[in-house]
Amino acid sequence: GGGGGGCGRGGGSSGGREGDEIPETGTYSKYGIELTVVCGNVPVVSVEQHSIFHGNASWLLQAVTEAECKADKLYDYVPDRLIRRECQDLGFSYDELSIAALNDQPEIVAVGTNGKRSVMLALCIALALFSEDAGEALARGIQESYDDLMGPMRDVLQACWKRYERRGGDRGPSSSGDGGYRDHSRGRSHYDD
């Protein structure tokens with residue numbers, strides 16, 4: 001059963017601890033998507049039909065999860081009042097919000113605002129930033145299937161990462177928490193050309 005995620009994952013929020021970074025705010029809008037973050041680390045995504053991501057959202061979710069089954073079998077919709085409230089505070093209506101969690105990793109929660117492709121892309125982003133292995137799997141999938149997505153995906157992941165609240169120890173198994181593209185401020189990454 002899903003529903004495990006939500007706001008407040010990862011322990012208390014003792015603000016001002018050393019190492020805290022102030023996240024960027026506002027909506028990232030490029031490549032035909034709009035992205036923002038609620039509850040510290042829950043991506044909220046809309047995908048326009050003309051977006052390079054629109055026709056690719058399902059296989060991107062399959063790539064990041066390394067799954068063989070249909071993408072819509074990888075997640076379930078979950079109720080989460082805190083996420084819904086933060087989204088509504090940003091101006092989203094109740095009806096446009098689809099909050100979903102990955103079946104195999106219910107701690108990975110994301111929001112789509114305009115259909116299942118937006119849900120799939122939001123979950124893809126959330127998992128790639130949560131797990132280095134998933135980020136690397138996503139990079140391999142893109143390199144093998146549609147290399148033109150490498151740059152846009154890197155930009156979207158970095159934009160989302162800049163909007164995450166990061167406190168020592170509250171992110172998943174990735175030591176740096178920035179997924180498979182590693183530290184994008186130093187050195188090469190899986191998403192570099």
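Biologist: Where does R163 lie?
Modeller: R163 lies in helix 5, residues 150-163. Helices here are DSSP runs of H or I with at least four residues, strands are runs of E with at least two, and both are numbered from the N terminus.

Biologist: What sort of model is this?
Modeller: It is a predicted model, in which local features need pLDDT of at least 70 and side-chain atom pairs count only at pLDDT 80 or more, while totals for chains, interfaces and linings use all residues. Residues are numbered from 1 along each chain as its sequence is written, and side-chain values use heavy atoms, with hydrogens and water left out.

Biologist: Back to R163. Buried or exposed?
Modeller: R163 counts as buried because its relative accessibility is 11%. The cut-offs are under 20% relative accessible area for buried, over 50% for exposed and partly exposed in between, with a 1.4 Å probe and protein chains only.

Biologist: What does R163 touch, beyond residues up to four places away in sequence?
Modeller: R163 touches P23, E24, T25, G26, T27, Y28, L35, V37 and G40. Contact means heavy atoms within 4.5 Å. As for V37, its C-alpha atom is 6.2 Å from that of R163, although the two residues are 126 apart along the chain.

Biologist: And which backbone oxygen lies 2.8 Å from a polar atom of the R163 side chain?
Modeller: That of A159. A polar contact is a pair of N or O atoms within 3.5 Å; within protein, one must be able to donate a hydrogen and the other to accept it, and residues adjacent in sequence count only if both atoms are side-chain atoms.

Biologist: Zooming out, how many helices and strands are there in the protein chain?
Modeller: Five helices and six strands. Along the sequence the pattern is β-β-β-α-β-α-β-β-α-α-α. The protein chain has 193 residues, and 51% of them count as buried. Of the contacts with a separation of 6 or more, 64% are between residues 24 or more positions apart.

Biologist: Helix packing next. How do helix 1 and helix 4 pack?
Modeller: Helix 1 (residues 57-65) and helix 4 (residues 132-145) have axes 7 Å apart, at an angle of about 130 degrees. Axes are lines fitted to C-alpha atoms, for helices over the stretch in contact, and angles run from 0 to 180 degrees between N-to-C directions. Helix 1 and helix 4 are therefore oblique to each other. Under 35 degrees counts as roughly parallel, over 145 as roughly antiparallel, 65 to 115 as roughly perpendicular, and the rest as oblique.

Biologist: Left-handed or right-handed crossing, helix 1 past helix 4?
Modeller: Right-handed. A crossing is left-handed if the near helix is turned anticlockwise from the far one by less than a right angle, and right-handed if clockwise.

Biologist: Which residues meet there, helix 1 to helix 4?
Modeller: W59, L60, A63 and V64 of helix 1 meet A134, A137, L138, G141, I142 and S145 of helix 4. The residues of this contact are eight nonpolar, two polar and no charged. Ala, Val, Leu, Ile, Met, Phe, Trp, Tyr, Cys and Pro count as nonpolar, Asp, Glu, Lys and Arg as charged, and the others, Gly among them, as polar.

Biologist: How do helix 1 and helix 3 cross?
Modeller: Their axes come within 8 Å and cross at roughly 25 degrees, which makes helix 1 roughly parallel to helix 3. Helix 1 passes helix 3 in a left-handed crossing. A57, S58, L60, L61, V64 and T65 of helix 1 make the contact with R117, M120, L121, L123, C124, L127 and A128 of helix 3. By class, these residues are 10 nonpolar, two polar and one charged.

Biologist: And helix 3 with helix 5, at what angle do they cross?
Modeller: Roughly 70 degrees, with the axes of helix 3 (residues 116-130) and helix 5 coming within 10 Å. The pair is therefore roughly perpendicular. L121, C124, I125, A128 and L129 in helix 3 meet M153, V156, L157, C160 and W161 in helix 5. This contact has 10 nonpolar residues, no polar and no charged.

Biologist: What about phi of C39?
Modeller: Near 55 degrees, a positive value in a residue other than glycine. C39 is in the loop between strand 2 and strand 3, and at 14% relative accessibility C39 counts as buried.
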